[in-house]
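Visitor: Please show me the model, and let us go through it by question and answer.

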Amino acid sequence: MDKDRRAQSKQRLRKVLDDRPRRIQMLLERGLIKNASEIPADAIPIDPELSTKATLCIPAVCYQDIEFVCSDCGRPDFWSAGSQQHYFEISKASPYQQPKRCYDCRQKKLAKRLQARADSGYTPS
Ligand SMILES: [Zn+2]
């Protein structure tokens, strides 16, 4: 199961990379960028049709790792370009919610929630 998910994620990233020229072309045609070199090599260009809301959140035409400080433990972490792409284009999540906690704190919070659920007698079907 975990292996499958990992493979899926790799496949997804490859698909996005293959899609790079088309995405850059769209950005050029819409006048969002003037030159393909405006997209750094390690960034994922946004798909202007899929990422309609991304620009409300990220001030750019591409996804790049965004660094932030964890609101719980104060440690620096980053929001990866690949997960932003998934967040905006596949999950279609709210552009007003950016991750605030580091990976460790997110896991801790999740574990707490699951524990609370278990304590209340909830059993997932
Ligand atoms: Zn943290």
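Visitor: Which residue just after α4 takes a positive phi?
Guide: This is a predicted model, in which local features need pLDDT of at least 70, side-chain atom pairs count only at pLDDT 80 or more, and totals for chains, interfaces and linings use all residues. Residues are numbered from 1 along each chain as its sequence is written. Helices (H or I, at least four residues) and strands (E, at least two) are DSSP runs, numbered from the N terminus. Just after α4, the residue with a positive phi, of about 50 degrees, is K92.

Visitor: Within what arc do the buried residues of α4 fall?
Guide: A residue counts as buried if 20 or more other C-beta atoms lie within 10 Å of its own, as exposed if 12 or fewer do, and as partly exposed in between, with C-beta atoms placed from the backbone. In α4, the buried residues are A81, Q84, Q85, Y87, F88 and E89. They line one face of the helix, because the directions from the helix axis to their C-beta atoms fall within an arc of 165 degrees.

Visitor: Which residues are exposed on the face of α2 turned away from its buried side?
Guide: In α2 (residues 20–29), R23, I24 and L27 are buried. These three cover an arc of only 100 degrees around the axis, which puts them on the same side of α2. What covers them includes β1 (44–45). The face turned away carries the exposed residues P21, R22, Q25 and E29.

Visitor: What is the bridge partner of F68 in β4?
Guide: Two strands pair if DSSP finds at least two bridges between them. Four bridges join β3 (residues 66–69) to β4 (residues 76–79), and the two strands run antiparallel. They form a hairpin with six residues between them, and G74 in the turn has a positive phi of about 80 degrees. In β4, the partner of F68 is D77.

Conventions
Contact = placed C-beta atoms within 7 Å.
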